[in-house]
Amino acid sequence: MKNEIDIESYYHKYGPMVYRRCVSILHDDDRAYDALQEVFMKLITNSAKLDGSYPSSLLFTIATNVCLNMLRADRHAPGYINSDDIGEMPNPVSDNIESRVADTDLLDRIFSRHKESTRLIAYLHYRDGMTLKEVADIAGLSISGVRKRLRNLKLDALQYISMEEVQ
C-alpha cells in the first residue's frame, strides 16, 4: 500500500532538515534555499509515483541528488576548480590550484567507471560519515551491496592511481 504524500506538512516538518542537508553539501545558504525549493518541486511533480512511507529518507535522498546535480552543473561552468564536493575518496588537500584541478579530474575519471549511485554512496559514507546501514537505507541496497560497491570503488581507485604513477 502506497502512503499519501502531504507536500505542505512535509515542507513544514522536513524543510529544515532538507535545508541543512543542502547547506552541508553546497556550502552556500542561497543556493541551499534554491535546492530546497527544487526538492519540493520534484516532490510535487512526482508525488503520484512516490511512496511516502519513509519521508525523511525520501527527502534526504532527493536533496542529496539535487545538490550533487547542482555541483555537477557547476563543473561545466567556466573556471570550476572545486574538488571537495566528492569527499574523502581520496581527499588530497592542496593549496596548489593545478593539483586541485588534477585531483578533480582524477576523481571524475574514477567515478566515471561506476554507476552514478556509487558516487552518492561514497559521498554519504566517506564525506557524511554515515554507517553502511544508513547508506543502504538511503540507496535502497543491502549493507553487503553498499560494502561491495565501496570495495570495488576503492580497488578501482587504487588501481587507477597505481597506473597513473607508472606513467
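The model is predicted: local features need pLDDT of at least 70, side-chain atom pairs count only at pLDDT 80 or more, and totals for chains, interfaces and linings use all residues. Numbering runs from 1 along each chain as its sequence is written, and side-chain values use heavy atoms, without hydrogens and water.

Next I checked helix 1, residues 7-26. Helices are DSSP runs (H or I, at least four residues), numbered from the N terminus. I found a kink of about 60° at Y14, shortly before P16. The bend is the angle between axes fitted to the seven residues ending there and the seven starting there.

Then I turned to the aromatic pairs; there are two. Rings of Phe, Tyr and Trp (its six-membered ring) pair if their centres lie within 6.5 Å; planes under 30 degrees apart count as stacked, over 60 as edge-to-face and the rest as tilted. Y10 and Y14 are edge-to-face, 5.7 Å centre to centre with 90° between the planes. Both are buried (under 20% relative accessible area; exposed is over 50%, partly exposed in between; 1.4 Å probe, protein chains only).

Y11 and F40 have centres 4.9 Å apart and planes at 75°, so this pair is edge-to-face. Y11 lies in helix 1 and F40 in helix 2, 29 residues apart.

Terms used: Helix = DSSP H or I, 4+ residues; strand = E, 2+ residues; numbered from the N terminus. Expected span 1.5 Å × (residues − 1).
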